[in-house]
Amino acid sequence: QTRARAARRRPMARTPLRVLVAAALAAPAAGMGYSVDMTDFESTTFVPYYTYDGNLTVTGAVSGTVEGTTVTLTATLSGTDPMCDAGPSATPNSCGAHFHFARTCSGDGLGHFFTGSVTEDPWIPVAYTHMGDTTVVGATVDVGATLATLESDWFPLAFLIHGFDGGRLACALLVSEYVAPIASGFVPYFNYAGDLEVSGMLTVSTVGTTQMGTYSFEGLDPACSGGADAGTPNSCGIHIHEAKTCIADGLGHYFTGTVTEDPWTMTSYVATDGMAEGTFTVDTGATEEEILGRAFVVHAYDGSRIACAVIQ
């Protein structure tokens, strides 16, 4: 699904990748020529790579433009690997920051993204140098895909941050620069009488009939600290429901079209002190237009419905 872009990108001078990265690392606050004031893509919130169990917590944002098949990106990051303070080692992917083929942050990021006439990995030299509280990475990379192709066939794409040892630390999804639907302003589910007060935001983007959600919630059921109870339907669940209201029954989980079995049964949160951040990817069979106005419902550990917000 090709999305309308918020602004036209300005023409940009071509700068060799190594020069661009070196300049970004040498003077990240100096108003570098590679910086973009209009973007073709941007990132969702970074989350830990799905198998990462270390102590680093990467945050920040990525944005950029596409000219022909060449991507120019800027990443402003915190929490990168301090062992990268002198740059990468000779280890593959050391201190790397790369587009990957995966379209989710909930599973394997797969390999570096390049396609079309580009047959050799263009991401090998792209790396960051840890610079304390804020690390800036700039790169220009020919990925072999135009903006139109990225929007229609590939986005969202995983953007991964690597450690000094080449391991994968963090992931964010790259999406077209457009206003994605959100659910915020949560209210208690219409018949909920408990003490939990859920707040926060869900951003949900759609490619084809697949919804990619990025969420940050507070006030969740603390009993979900260990995750959902596998034997209890909807335990710690977060789901789009059929209803288009939060003042009445939310009805069942929403899916349609060629999707004939409930795709939401495994979608849940893990709460730490009542808070949770994360992503999900679910093929509901629905387009973006079909999920607009529907209820997004948060469940407790016992599967009951505790909060609701309308996607808009």
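Asparagine 234 is found in the loop between β12 (210-218) and β13 (238-240). Helices (H or I, at least four residues) and strands (E, at least two) are DSSP runs, numbered from the N terminus. This is a predicted model: local features need pLDDT of at least 70, side-chain atom pairs count only at pLDDT 80 or more, and totals for chains, interfaces and linings use all residues. Residues are numbered from 1 along each chain as its sequence is written, and side-chain values use heavy atoms, leaving out hydrogens and water.

**Backbone features**

- Asparagine 234 has a positive phi of about 70°, although it is not a glycine.
- Asparagine 234 counts as partly exposed because its relative accessibility is 27%. Buried means under 20% relative accessible area, exposed over 50%, and partly exposed in between (1.4 Å probe, protein chains only).
- Leucine 251 also has a positive phi, of about 60°, and is not a glycine. Its place is the loop between β13 and β14 (276-283). At 41% relative accessibility, leucine 251 is partly exposed.
- Phenylalanine 155 and proline 156 are joined by a cis peptide bond, with omega about 0°. Proline 156 sits in the loop between α2 (147-154) and β7 (157-162).

**Nonpolar cores**

- The largest nonpolar core has 33 residues. Such a core is a set of buried Ala, Val, Leu, Ile, Met, Phe, Trp, Tyr and Cys residues joined through side-chain atoms within 4.5 Å.
- Phe41, Phe46, Val62, Leu73, Phe99, Phe159 and Ile161 touch the most other members.
- At least two residues of this core come from each of β3 (59-67), β4 (70-78), β5 (97-100), β6 (135-142), α2, β7 and β8 (168-176).
- Apart from it lies another core, of 28 residues, including Val198, Tyr269, Ile291 and Ala309.
- Not counting residues up to four places away in sequence, phenylalanine 159 touches Phe46, Val62, Leu73, Ala97, His98, Phe99, Ala170, Cys171, Ala172 and Leu174. Contact here means heavy atoms within 4.5 Å.

**Sheet**

- Four strands form an open sheet in the order β10-β16-β15-β13, with antiparallel pairing. Two strands pair if DSSP finds at least two bridges between them.
- β10 (187-188) and β13 stand at the edges, each with a single partner strand, so one side of each has no neighbour in the sheet.
- Strands β15 (residues 295-299) and β16 (residues 305-310) run antiparallel and are joined by five bridges. Valine 298 stands opposite alanine 307 in β16.

**Aromatic rings**

- The structure holds 16 aromatic pairs. Rings of Phe, Tyr and Trp (its six-membered ring) pair if their centres lie within 6.5 Å; planes under 30 degrees apart count as stacked, over 60 as edge-to-face and the rest as tilted.
- Tyrosine 215 and phenylalanine 217 are stacked, because their ring centres are 5.3 Å apart and their planes are at 15°. Tyrosine 215 is buried at 8% relative accessibility, and phenylalanine 217 is buried at 1%.
- Phenylalanine 280 and phenylalanine 296 are also stacked, with centres 6.3 Å apart and planes at 10°. This pair links distant parts of the chain: phenylalanine 280 is in strand β14 and phenylalanine 296 in strand β15, 16 residues apart. Both are buried.
- One aromatic cluster is formed by Phe186, Tyr215, Phe217, Trp264, Phe280 and Phe296.
- Arginine 294 lies over the face of tyrosine 254, at 3.9 Å from the ring centre. A charge sits over a ring if NZ of Lys or CZ of Arg is within 6 Å of the ring centre and within 35 degrees of the ring normal.

**Disulfides**

- The structure holds four disulfides, each a pair of cysteine sulfur atoms within 2.5 Å. With bonded cysteines counted along the chain, the pattern is 1-2, 3-4, 5-6, 7-8.
- Cysteine 84 and cysteine 95 form a disulfide, with sulfur atoms 2.0 Å apart. Its S-S torsion is about -95°, so the disulfide is left-handed. Both cysteines lie in the loop between β4 and β5, so the pair ties together parts eleven residues apart in sequence.
- Cysteine 105 is joined to cysteine 171 by a disulfide (S to S 2.0 Å). Cysteine 105 lies in the loop between β5 and β6 and cysteine 171 in strand β8, so parts 66 residues apart in sequence are tied together. Both cysteine 105 and cysteine 171 are buried.
- Cysteine 246 and cysteine 308 form a disulfide. The link is left-handed, with -75° about the S-S bond. Cysteine 246 is in the loop between β13 and β14 and cysteine 308 in strand β16, so the pair ties together parts 62 residues apart in sequence.
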